[in-house]
Amino acid sequence: MLRAYKVWLSQELEDDLRRYARSRTLPARLVERSKMLLGCATGQRVEEIAEELGVARQTVSRQLGRFVAQGLDGMAKDAPRSGRPPLIQPPKIAEIVEKTTRETPADATHWSTRTLAKVVDVSASTVGRIWRVHGLKPHRVKSFKLSNDPRFAEKLEDVVNLYLHPPPDAIVLSVDEKCQIQALDRTQPGLPWKKGRCGTMTHDYKRHGTTTLFAAMNTQDGTVIDICMPTHNHVDWIRFLKLIDGRTPKDKALHLIMDNYSAHKTPEVKQWLEEHPRFHIHFTPTSSSWLNMVERFFRDVTTKRIRRGVFHSVTELKDAIVDYVKKHNQNPKPYLWTAQARDILEKVKRAWQALLARGYAPKKLAALQSIERLLEATTG
């Protein structure tokens, strides 16, 4: 016999269930069971709900019974089912994870599914499944570099505050140069894209010269001031500063975020900046180009316009870059910086501690001391 259920829902739970019932992204079973609950709460009989949803009456009765007995969690999750017991036991899984993360094969720098499978006596597909469950990817490696700048924390906080809280009546510009951009011409024409085949290009090339892109990105509206020059010394840098001076409103103070490249700090550059007091310079810490927002723009230029381009001369390369920047400025979109300075410092501190735990012993821990000093000051 079918049992009759009466369900009372709180307003909050009813609102959640209605949202689940309308969803197109949640699992279908959760959507269906939410509709069952809502139907029961409004006084519908089990038969009516089953007919409306196109399921068996027993299915509706079973799910409503689970809700009455266990609440929403009991209905949202399926009960354990019988089946073949797992062949790979937890100790074997722990062994595979331990070897993957703590050991390396004798003749290689990292494991593959097949080399590890031979050692632990399971199939390669089993190793692959365990890796996926634990998020392990031994074939991948990422590069990193921690800055040991003595004023790392102070410089980072200064730059991040400019991103998050730009001064009123001022323009914040992220500036840098992308040097040695090559005008590459392929030795043979590539094949176009077609169904089932990606585009192609030859591995070898003819190099027709290089250029350097100087760019100043307005962090508030995303517009870019650019110029291409053959070299990137202090004379070129001063020329670029003059270009910025001419293309920005004279009544606005300019805050420039830049790296520690030697051409940015020559006596001639310092003298020019002293003669133009509306320029305020903010240096990023050494080895911290990731903090300079214009680097993200350089990546877009490279991936979208340069890397796959074919250029028969430096002039063609410069025209392509200028055209890209021009179109970018027609509909600029600023990059939004959301990370707080303290969160970044805490993360870098943990990275330094991990390096020290692995036996890394630099002569001075200037950056770590700077971070700890600033964190203690802000906590106090």
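Modeller: Helices (H or I, at least four residues) and strands (E, at least two) are DSSP runs, numbered from the N terminus. This is a predicted model, in which local features need pLDDT of at least 70, side-chain atom pairs count only at pLDDT 80 or more, and totals for chains, interfaces and linings use all residues. Residues are numbered from 1 along each chain as its sequence is written, and side-chain values use heavy atoms, with hydrogens and water left out.

Colleague: Where does D121 lie?

Modeller: D121 sits in the loop between helix 6 (113-120) and helix 7 (124-134). Its phi is positive, about 65 degrees, although D121 is not a glycine.

Colleague: Is D121 buried or exposed?

Modeller: Buried means under 20% relative accessible area, exposed over 50%, and partly exposed in between (1.4 Å probe, protein chains only). D121 has a relative accessible area of 67% and is therefore exposed. S287 also has a positive phi, about 60 degrees, without being a glycine. S287 lies in the loop between strand 5 (279-283) and helix 11, and at 41% relative accessibility counts as partly exposed.

Colleague: How many residues has the largest nonpolar core?

Modeller: A nonpolar core is a set of buried Ala, Val, Leu, Ile, Met, Phe, Trp, Tyr and Cys residues joined through side-chain atoms within 4.5 Å. The largest one here has 40 residues, and I321 is one of those with the most contacts inside it. Helix 8 gives the largest share, seven residues.

Colleague: Which residues is I321 in contact with, leaving aside its neighbours within four places in sequence?

Modeller: Contact means heavy atoms within 4.5 Å. On that basis I321 touches I181, T211, L213, C228 and I306. A second, separate core of 20 residues includes V175, I225, I238 and F279.
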